[in-house]
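Here is a friendly note to read alongside the model. Please keep the structure open as you go through the points.

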Amino acid sequence: MPTIRFEGNDYFCAEDETLLDSLERHGVMLPSSCKSGACQTCLTRALEGVPPVAAQKGVKDTLAAQGYFLACMCKPVEDMEIGLASVSPKYATQVLAKDQLNESVVRLRLELPTDFSYRAGQFINVIRASDDLTRSYSLASIPGDDFLELHVKRVPEGRMSTWLFDEVAVGDALNYFGPSGDSFYLADKPERPLLLAGAGTGLAPLYGILRDALACGHSGPVHIFHASLATAGLYLMDELRALADGHDNVHYTPCVLHGEAPAGGMQGNIVDIPAKELGSLRGYGVYLCGDPPIVNALRQKIFMAGASMKDIHSDPFVFAPA
Amino acid sequence: MSTVYEQLGGEPAIDAAVDNFYRRVLNDPYVTPFFENTDMERQAAKQKAFLTMVTGGPNKYTGMDMREGHKHLVKMGLDDTHFDHIVCHLRSTLADLSVPAELIKTVIGVAESTRADVLNR
């Protein structure tokens with residue numbers, strides 16, 4: 001009889017009983033609705049133990065890779081510890097390098113703690129020690145790098161970003177917890193075409209995902225579109241051009257809403273550009289990042305252009321009020 | 001007698017149907033106001049549950065769920081004409097997937113049976 005540990009308590013699961021029913025029998029009600037593996041309301045995460053294959057059927061691949069499963073379809077075969085949300089330890093690090101990438105974006109490189117593991121494209125939550133102010137920043141580095149990289153956009157009145165931008169210096173200590181996020185590359189379909197699109201510092205996780213895909217030997221075409229209001233807001237253009245020059249399958253398109261586009265780029269609304277340029281997006285793996293209105297509009301356009309909903313991974317930024 | 005769900009090929013077929021169906025719905029300006037401000041991924045999951053149910057696949061949906069889930073939309077003006085549009089998109093999706101006419105009739109019959117609950121009557 002497998003034991004299920006949840007929030008510090010142990011529950012015994014009877015033979016042929018689902019985890020959802022078992023907890024309910026013990027008076028623990030997880031959110032649920034259809035109880036047949038369709039609605040995914042009871043999505044739960046295995047912190048210890050492996051969920052049966054049947055319990056991950058239909059779960060988005062990047063979530064399944066992190067141990068998420070459906071409690072209503074899970075007949076445990078071994079002891080498990082489950083949680084509704086991920087709990088992550090706090091890490092201490094320090095700033096190794098700080099470089100301005102354009103007038104409003106700075107790149108921070110942090111020391112990589114030895115016991116920290118993540119997937120390119122995930123984000124961490126940076127904590128300011130003096131007042132515990134916490135903000136999320138995407139990782140632009142890949143696990144093979146010996147540092148963590150963040151792209152910080154200076155938000156007017158933004159307490160964390162102005163502090164990181166104006167005050168934090170090389171050698172300063174910095175704490176964070178994480179990683180979080182389910183927008184990352186999976187190496188199971190190396191030949192599928194990929195579309196990466198984002199605006200502003202939405203480039204950070206996309207840059208990580210692009211380099212991760214190449215490091216994993218991705219052979220299908222990879223199209224990366226990076227947008228800004230005007231050319232001055234783009235960054236890492238040389239690095240992205242170098243990746244495109246060095247790999248036949250990588251295509252980089254800088255996009256600007258106003259003014260003249262840089263060489264090889266396009267002028268127009270990023271929301272429309274990928275579907276217009278690539279035509280049918282059927283079969284594409286898609287990664288989107290940036291402000292929520294842009295990400296949501298892109299998701300809809302890209303879905304309408306033929307990409308399957310389950311293949312669209314997105315990471316909309318949410319700006320906390322200053 | 002196997003269900004339409006099984007005859008279609010089970011879950012993978014429903015996944016394909018969801019994308020097809022949802023694209024039709026989003027392309028129909030008569031019903032899109034009811035889908036504004038919804039999380040597309042959650043919406044797709046709900047549509048999968050709906051298509052699973054109307055094809056006789058595994059589900060435990062009740063009339064109560066249908067009522068609760070559509071209450072706010074009825075307040076926004078959801079009525080028979082919108083329901084008719086959705087049924088039409090469902091029929092087109094099934095036809096697109098080469099589902100035989102008599103099976104389509106069965107599925108539409110199940111969808112029709114939810115009309116009163118969906119419209120909170």
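Predicted model: local features only at pLDDT ≥ 70, side-chain atom pairs only at ≥ 80, totals over all residues.

1. Residues are numbered from 1 along each chain as its sequence is written, chains are lettered from A in the order in which they are written, and side-chain values use heavy atoms, with hydrogens and water left out.

2. Start with the interface: 18 residues of chain A are in contact with 17 residues of chain B (contact means heavy atoms within 4.5 Å). The two chains bury about 1,600 Å² between them, with 59% of it on carbon and sulfur atoms; buried area is the accessible area (1.4 Å probe) lost on putting two parts together, summed over both. Of the area that chain B buries against chain A, 35% comes from B:Arg23, B:Met40 and B:Glu41.

3. Now the charged pairs. The rule finds two salt bridges across the interface (a side-chain nitrogen of Lys or Arg within 4 Å of a carboxyl oxygen of Asp or Glu). A:Lys57 and B:Glu11 meet in a salt bridge, at 3.4 Å from N to O.

4. Finally, look at B:Met66. B:Met66 counts as buried because its relative accessibility is 8% (buried means under 20% relative accessible area, with a 1.4 Å probe and protein chains only). Leaving out residues up to four places away in sequence, B:Met66 touches B:Phe50, B:Met53, B:Asp117 and B:Val118.

Methods:
Buried < 20%, exposed > 50% of the residue type's maximum accessible area, 1.4 Å probe, protein only.
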